[in-house]
Amino acid sequence: MATMADVARSAGVSIATVSHVLNGTRPVLPHTRQAVLDAVEELGYTPNTLARSLVTARTRSIGLAVSAISNPYFTEILQGVEAAALERGYSLLIADPHDDPTHERTVVQLLHERRVDGMIVAPSPQPGELLAYLRRHQIPAVFLDRLVGPPADDGPPLFDQVCAESTEPTTGLVTHLAGLGHRRIGLVAGLPGLSTTTERITGYRLGLAASGLPFDERILVQGDSEAAGAERATAELLRLGSRPTALITANNAMTIGTLRALQSHGLSVPGDIALCCFDDFAWADLFSPRLTAVSQPSRDLGARAVQMLLDRLAEPDRPTRTERLPCTFVHRTSCGCPEERNHRDRRSR
């Protein structure tokens with residue numbers, strides 16, 4: 001098996017130069033770097049990452065704790081995290097907390113025990129144990145998609161955070177439906193306690209107010225961020241004496257549950273009830289009708305979380321920051337707009 005010394009001899013450089021090329025620890029002249037890479041390829045050299053981690057106290061690995069199995073939205077985020085991590089020479093260890101605070105604490109500890117250099121976490125609705133563990137062990141971490149508020153003294157957030165905008169895009173969905181003449185617009189909201197749920201409810205209420213519509217608590221229901229919960233919640237709405245004429249679902253899993261409920265009640269979209277959803281997804285354009293949605297920059301969120309974590313590793317004492325990325329309104333036909341207008345509006349944007 002080839003060694004680093006073999007690579008150095010073949011490339012005509014020092015072992016230190018080979019190390020700098022492979023680890024990115026110091027700039028190397030382009031022709032020297034290429035000579036090292038050619039020697040690595042020719043000799044089939046594989047770096048001993050275990051030995052390197054013992055020397056540097058770094059494993060070049062990132063722990064990712066997101067509910068990717070139970071929430072399809074996180075699948076695209078995961079792809080963004082993985083691509084960005086690999087591009088920067090980091091491996092990824094993935095765990096699913098299932099949005100359960102106790103399990104969340106367990107999987108974070110397991111990732112920590114595997115000596116990851118830092119973590120990217122989509123926190124549960126009750127992240128107290130998570131926060132305590134990360135702080136106690138001084139683990140570099142970035143919160144992804146869901147924000148955790150500052151401590152009681154209203155200081156800066158304890159950890160770096162990145163998410164998509166939620167309030168304004170939800171307001172836009174409400175005002176769009178109101179502009180189409182709807183006066184009873186319901187919301188199937190997510191899991192209580194999540195910042196995304198709170199912000200989308202806030203955006204919903206702001207949209208009603210901007211459209212001169214009253215808030216009716218009976219048509220704001222909790223779908224718990226998953227399909228089965230949304231199906232139950234939508235069925236509750238449909239049993240009301242004065243049911244909504246339009247619905248907004250607050251994530252893509254709940255959109256599926258809502259569509260199931262409407263179908264089981266023999267209702268068509270948008271003929272009987274208009275529908276807009278937060279979260280676009282790959283097959284939304286294949287539904288009939290095609291789903292009008294807010295599209296989140298999922299892969300960009302994942303990539304940004306990786307960069308923020310690497311910035312934290314490089315500069316542990318830098319101030320914490322919270323970043324929000326913009327969303328995109330994807331105008332299709334489930335809102336009740338005709339296909340012809342839909343195509344015209346998309347060209348004008």
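Q: Which residue in β4 is the bridge partner of Val121?
A: Strands pair through backbone hydrogen bonds, either parallel or antiparallel. Here Phe143 in β4 is the bridge partner of Val121. Three bridges join β3 to β4 (residues 141-144), and the two strands run parallel. Two strands count as paired if DSSP finds at least two bridges between them. Strands (E, at least two residues) and helices (H or I, at least four) are DSSP runs, numbered from the N terminus.

Q: How far does the mean pLDDT of the protein reach?
A: This is a predicted model, in which local features need pLDDT of at least 70 and side-chain atom pairs count only at pLDDT 80 or more, while totals for chains, interfaces and linings use all residues. Residues are numbered from 1 along each chain as its sequence is written, and side-chain values use heavy atoms, with hydrogens and water left out. pLDDT is the predictor's confidence in each residue, from 0 to 100. Its mean over the protein is 89, and 90% of the residues reach 70 or more. Residues 342-349 stay under 50. For that stretch the model has nine contacts (heavy atoms within 4.5 Å) beyond four places in sequence.

Q: What is the strand order in the open sheet with parallel pairing?
A: Read β2-β1-β3-β4-β5-β11, six strands. β2 and β11 are the edge strands, and each pairs on one side only. On average, neighbouring strands are turned by 20 degrees against each other, direction ignored.

Q: Which residues of α6 are buried?
A: An α-helix has 3.6 residues a turn, so residues three or four places apart point the same way. In α6, Pro101, Glu104, Arg105, Val107, Val108, Leu111 and His112 are buried. Buried means under 20% relative accessible area, exposed over 50%, and partly exposed in between (1.4 Å probe, protein chains only). The cover over these buried residues includes β1 (61-65), β2 (91-95), β3 (118-121) and α7 (128-136). α6 itself has 13 residues, 101-113, and reaches 19 Å between its end C-alpha atoms, close to the expected 18 Å. The expected span is 1.5 Å times one less than the number of residues. Arg115 follows α6, with a positive phi near 60 degrees.

Q: Which residues touch the most other members of the largest nonpolar core?
A: In soluble globular proteins, nonpolar side chains tend to be buried together. A nonpolar core is a set of buried Ala, Val, Leu, Ile, Met, Phe, Trp, Tyr and Cys residues joined through side-chain atoms within 4.5 Å. The largest core has 68 residues; Ile62, Ile120, Leu144, Leu177, Ile185, Ile248 and Leu301 touch the most other members. Take Ile120: beyond four places in sequence, its contacts include Ile62, Val81, Val142, Leu144 and Leu309. Another core lies apart from the largest one, with 17 residues, among them Ala95, Val107, Met119 and Phe143.

Q: What is the strand order in the open sheet with mixed pairing?
A: It runs β7-β6-β8-β9-β10-β12, again six strands. β7 and β12 (328-330) have a single partner strand each, so one side of each is left without a neighbour in the sheet. The twist averages 15 degrees from one strand to the next. Four bridges join β8 (residues 246-249) to β9, running parallel. One of the bridge pairs is Ala246 with Ala274 of β9.

Q: Which strands does α11 touch?
A: Start with α10 (residues 227-238), which lies across β6, β7 and β8 at about 150 degrees to β7. α11 (residues 252-264) touches β6, β8 and β9, and its direction makes about 155 degrees with that of β9.

Q: Where does Pro270 lie?
A: Pro270 sits in the loop between α11 and β9. The peptide bond from Val269 to Pro270 is cis, with omega near 0 degrees.

Q: Is Gln138 buried or exposed?
A: Gln138 is exposed, at 71% relative accessible area. This residue is in the loop between α7 and β4. Its phi is positive, about 50 degrees, although Gln138 is not a glycine.

Q: Is Asp279 buried or exposed?
A: Asp279 counts as buried, at 2% relative accessibility. Asp279 is in the loop between β9 and β10 (292-295), and its phi is near 95 degrees.

Definitions and conventions. Axes are lines fitted to C-alpha atoms, for helices over the stretch in contact, and angles run from 0 to 180 degrees between N-to-C directions.
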